[in-house]
Amino acid sequence: VSLETASTDLELGGAGEEMYRLAERLFPLGRSLTGDGVRATLRILQERLPALEMVEVPTGTRAFDWVVPDEWNVREAYLLAPDGTRVVDYADHNLHLVGYSVPVDEELSLEDLQAHLFSRPDLPDAVPYVTSYYAPFWGFCLAHRQRLGLVVGRYRAVVDSTLKPGFLTYGELVVPGRTPQEILISTYVCHPSMANNELSGIVVAAHLAGWALRETRRFTYRFVFVPETVGAIVYLSQHLEHMQRHTVAGFQVTCVGDERAMSFLPSRRGDTLADRCALHVLLNHATDVRHYSFFDRGSDERQWCSPGVDLPVVSIMRSKYGTYPEYHTSLDDMSLISPAGLDGSAQLYLRCLQLLEANHRYRATMPCEPQLSKRGLYPSLSFHGGEGKRDHLLLDFLTYCDGERDLIGVADHIGVDAERLVPIAEGLLEQGLISPVDRESGEGL
Amino acid sequence: VSLETASTDLELGGAGEEMYRLAERLFPLGRSLTGDGVRATLRILQERLPALEMVEVPTGTRAFDWVVPDEWNVREAYLLAPDGTRVVDYADHNLHLVGYSVPVDEELSLEDLQAHLFSRPDLPDAVPYVTSYYAPFWGFCLAHRQRLGLVVGRYRAVVDSTLKPGFLTYGELVVPGRTPQEILISTYVCHPSMANNELSGIVVAAHLAGWALRETRRFTYRFVFVPETVGAIVYLSQHLEHMQRHTVAGFQVTCVGDERAMSFLPSRRGDTLADRCALHVLLNHATDVRHYSFFDRGSDERQWCSPGVDLPVVSIMRSKYGTYPEYHTSLDDMSLISPAGLDGSAQLYLRCLQLLEANHRYRATMPCEPQLSKRGLYPSLSFHGGEGKRDHLLLDFLTYCDGERDLIGVADHIGVDAERLVPIAEGLLEQGLISPVDRESGEGL
Amino acid sequence: VSLETASTDLELGGAGEEMYRLAERLFPLGRSLTGDGVRATLRILQERLPALEMVEVPTGTRAFDWVVPDEWNVREAYLLAPDGTRVVDYADHNLHLVGYSVPVDEELSLEDLQAHLFSRPDLPDAVPYVTSYYAPFWGFCLAHRQRLGLVVGRYRAVVDSTLKPGFLTYGELVVPGRTPQEILISTYVCHPSMANNELSGIVVAAHLAGWALRETRRFTYRFVFVPETVGAIVYLSQHLEHMQRHTVAGFQVTCVGDERAMSFLPSRRGDTLADRCALHVLLNHATDVRHYSFFDRGSDERQWCSPGVDLPVVSIMRSKYGTYPEYHTSLDDMSLISPAGLDGSAQLYLRCLQLLEANHRYRATMPCEPQLSKRGLYPSLSFHGGEGKRDHLLLDFLTYCDGERDLIGVADHIGVDAERLVPIAEGLLEQGLISPVDRESGEGL
């Protein structure tokens, strides 16, 4: 029996500034599904996480129903007005170019150009984020206010991009633990300059990786930094069997940077260990949580939780993708997120990880209550109405050390923060009064 | 893998007039537990359903705790007043005679006669329906208003009936399907001239039989037209093992003719496929449904659902037996039911049958989401806030194609009419993206 | 098949006076965890229950985590005031001495004495009940009003007690039944002169023992009269395996003497046969029941229900320990309990026992409804709206004789007092229409 209970080393707080500065560095890079922007992003992460591996998957590789597309890179892209000025320029903001735009150098009337322009009348100052990964297309995104001011005349559209066989690039960091059971931390690296969705996820995931690396943990931690959807699918096509066998809980880390809300998206099944853990932490350490259903899903839990994959993955978020006005526009910039926003999210995730580390099913080692008074855990004097009320929590915890509920389950049943039970469990373990029970076999570890 | 998904050939509506005219023809016949009235009824049904078999079970045949009683037929029956006029005559209305009255030709005082008269003070113009199947007895039923007007004096009671060894007669129609799994449709043929209870059930069941015969269906359909209680028990004594092995759902069709209500009576267990299907259809296609409990049962579900039989049988009704004022009286006549009432009931039953035909557990054929955009099932352009919102229903359905929930269960979980999922399932099947899973083995069909 | 259904011999009521008088006799005895007070108590019970065995367990005997302590007896104990008067005397009330006080004969100032005095400022006229079983200590308990009046000066504290190797004494009475399945009735015998907590439990348990002895019952009844906590633990260390194998339900009988409330404390699991039975009886025969949770436990259910023991034990109480103002003080005297209070509690327990005796899972012996009219159990004349409404209860009961629910479960499902089903079940058994189903095997007994 090895003692797997992690001490509650809640090394929380104070990392917000560091995460924010990392996000600032990553902000300008031109990420997409593939290309050098992804590589540059991962290289910066490697400065802090040298063990992070950059994996290159060739164009044309099959992954279930999908095929890795051509790699896309952009040298420059702009729109010349009839008077020759660059009215829209990729160099100003990488959102100006529709993602995966094919090369073009063409003159056309404003009228014909309109089919290639995207703007948001409801957000007249925002440059929207548009992509066309799987249908050849080119286009420019701009503020609606600017679009309305475009003069009639001939425009020249220049997209100097390459779309040719290359690689899909992702980052992977596996931190071995004392057991082969794994926690999955997933985030994505395919969005251009947007802060809450997506840089907040990258920097919080990187912070969690730092925590995992600090000492050998009970669980093995698998961090994946992939392009959304096709990246997750490619990753699963390579690791499905292993992940299904070993993953005990997972978290899709996204939209964790602002301070306006806390949100929760359950797994497809809704009752996995990841769900129970996250809900317990949110109940005890967050207020006004917006509870979404799995029908509101939108990120890579779509793949992790799909019927043939079925991993226990949930999301704790700030303002959820698709729900805040700046979503998928240039307004989702560094002013939208904050050190405090990032730090609060990271703290909740660390609480989850530390609770999972400490979560065991325990069984009392002998029938009946132990004699606690001889161990100083119970008052020797019985005097109802007198001073020295006894602490019921230890006895209540012991009462449910029946090998059926895990620590989180006992805490839910008692109605107490599981973090309060962790030191109690440690004390009882040291005294030999309880022993952990293995999850699968029902036998002691 | 044979494609068992029925197309949603909702051939609904328009049959109300036809069913109503059939009920009109059947109305005058003097049905009872046994006798020529039952045979005449079944013979008329055979005109439309030539495959309907008329089965004769001899008097004295044992069926579990029961014995087939003597056959009863009536030549004439009347009551002569002191002045010699026929004040009550079976020829006027077959409800005037207590069912299974023994022969009598006797003079007696009005005072002595009263013990043989039945009327309803609360419904002074109604002739009540009274039977005495298993205790020898004779009696007359009449309007309470008429009874109060009977003059003092000597009356002559004449019942020219026969009660002797013969047969219990029932109708059976088994329509073979592509699988031996069966749907049971049951109704009864033992009530004299009453419309909602019972002719509505007979004509709707006959209409459903017409639908079942129109083409080869996935399921085998078993239609039974039996005298209530003893007929169902006799039928079960002959078919119990077969029906227990093959019946996946069943419906007791009764009281389906008026327009005042929709009612639902669950099976004894309450959670069978029949319950889930009927509740789903009612939720999506009916309003103001009266939900009864199995403790309100009263028809042959008493036998189909009894502990040693335990078939999954429910009832969708209009105004339920025992709950409407005209029940079991001459007021339950053809004015109480209508073509629209019959048609609405038949439509709900057809929806149930067609949903059962289309109901499979499906499993996605590969992990992760399929690439829907290359199949034209997902927009190639991603532009949040732009036009062209994608339809989430297909993705939501796919997300629960995990081989656990059936189509009805997925529809209930999503909160959508299952009929909307049927064409989606067909499309996904054609594309090879899902496959049906057999109910028992958990393997693909 | 032996007919295990007990007749509903509800020999209830009228025993209150007898129980009260027994409590009066037991009241003055100086009980503690061990010692002659326990023996004297059990000897008085043996007058009525000659088969009650007194078991002596030697000091030093190990019981799981516990060791039987030294035996404690008191010759005399008092406090002399500076003027030589006995201001506090064990002879006046045995609560005046802290339980398990070590011997002492010492002069000390009032100031030094205070550390050895216990009183309740909130109850200035009450002498509190204080013990120190496992830490050597001496002390006196007195009314707070008296304590405030103690004059400054030298006091002499005399405790002439013995604390030396001896025995822990408990009482056990096993009444064999027709089956080895057991009902546990537990109460405790370690409190000095207090009426509701604890004498009420002793006298009601003794009354139930009288009922169990009156005739051979279906179940074997195990009555235990033990010192609380360590006594129950010692008892379990000797009988654990047997009790786990045979106990089908158990009751911790305590605080059953006053008339102010009815209370229920569930078992740890909350859904055992004992829980279902007690809740059913309380629902049908008590009003304003206070429902506690297992987190409010405090008596020997702490041991019976502990994870490694896990017996199905519940408590039906009057005013629960710890909840009424007089608890654990001299105010919990004979004026607090009453014959009516004891009798009402005893009646509820007898209803539980008799219901358990009658509780079987039944299965209908044949498919479909039996023909009840030929047995006189159903009207032969069918006349809706006429007189002679049929009793649905028999049919409803039969409908759930499916071998799945037990009699209590069927009663809960129907929503009727199970006592009404008992004679119905007996009648159906006699007619051969149902048969009992064994609990473990699912087969008929």
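Residues are numbered from 1 along each chain as its sequence is written, and chains are lettered from A in the order in which they are written. In this predicted model local features need pLDDT of at least 70, side-chain atom pairs count only at pLDDT 80 or more, and totals for chains, interfaces and linings use all residues, while side-chain values use heavy atoms, with hydrogens and water left out.

Me: By what turn can chain C be laid on chain A?
Reply: Copies are superposed by least squares on the C-alpha atoms of residues with pLDDT of at least 70 in both. For chain C on chain A the RMSD is 0.1 Å and the shift along the axis is 0.0 Å. The two copies are thus related as by a three-fold rotation axis. The turn is 120°.

Me: Which residue of chain B comes closest to the rotation axis?
Reply: Chain B is superposed on chain A by a rotation of 120°, with 0.1 Å of shift along its axis and an RMSD of 0.1 Å. The C-alpha that comes closest is at 13 Å, and the residue is B:Asp271.

Me: How much area is buried between chain B and chain A?
Reply: Buried area is the accessible area (1.4 Å probe) that two parts lose on being put together, summed over both. Contact, meaning heavy atoms within 4.5 Å, links 27 residues of chain B with 32 residues of chain A. Carbon and sulfur atoms give 54% of the buried area, which is about 2,600 Å². In chain B, 25% of what that side buries comes from the residues that lose the most area to chain A, namely B:Cys368, B:Glu369 and B:His384.

Me: How many salt bridges are there between chain B and chain A?
Reply: A salt bridge is a side-chain nitrogen of Lys or Arg within 4 Å of a carboxyl oxygen of Asp or Glu. One of them joins the side chains of A:Asp65 and B:Lys374 at 3.5 Å, N to O. The count is 6 salt bridges.

Me: Which element gives the most to the side of chain B that touches chain A?
Reply: Helices (H or I, at least four residues) and strands (E, at least two) are DSSP runs, numbered from the N terminus. At least two residues each are supplied by β19 (382-383), α10 (392-399), β20 (402-406) and α11 (407-414) of chain B. With 4 residues, the element that gives the most is α10(B).

Me: Which residues of chain C lose the most area to chain A?
Reply: Here 32 residues of chain C are in contact with 27 residues of chain A. The two chains bury about 2,600 Å² between them, 54% of it on carbon and sulfur atoms. Together accounting for 26% of what the side of chain C buries, the residues are C:Asp65, C:Phe295 and C:Arg302.

Me: How far apart are the closest N and O atoms of A:Asp402 and C:Arg268?
Reply: Between chain C and chain A the count is 6 salt bridges. A:Asp402 and C:Arg268 form a salt bridge, with their closest N and O atoms at 2.8 Å.

Me: Is C:Asp332 buried or exposed, and which side chain of opposite charge is nearest?
Reply: Buried means under 20% relative accessible area, exposed over 50%, and partly exposed in between (1.4 Å probe, protein chains only). C:Asp332 lies in the loop between β17 (313-317) and α9 (339-358) of chain C, and its side chain reaches the backbone nitrogen of C:Asn196 at 2.7 Å. Lys and Arg count as positive and Asp and Glu as negative, His and the chain ends not being counted. C:Asp332 is buried yet has no salt bridge, and the nearest side chain of opposite charge, 7.0 Å away, is that of C:Arg260.

Me: What is the phi of C:Tyr100?
Reply: Most residues other than glycine have a negative phi. C:Tyr100 is found in the loop between β5 (86-89) and β6 (104-109) of chain C, and at 3% relative accessibility it counts as buried. Although C:Tyr100 is not a glycine, its phi is positive, at about 70°.

Me: What is the relative accessible area of B:Thr229?
Reply: B:Thr229 is in the loop between β13 (220-226) and α6 (230-246) of chain B. B:Thr229 has a positive phi of about 65°, although it is not a glycine. This residue is partly exposed, with a relative accessible area of 22%.

Terms used: A polar contact is a pair of N or O atoms within 3.5 Å; within protein, one must be able to donate a hydrogen and the other to accept it, and residues adjacent in sequence count only if both atoms are side-chain atoms.
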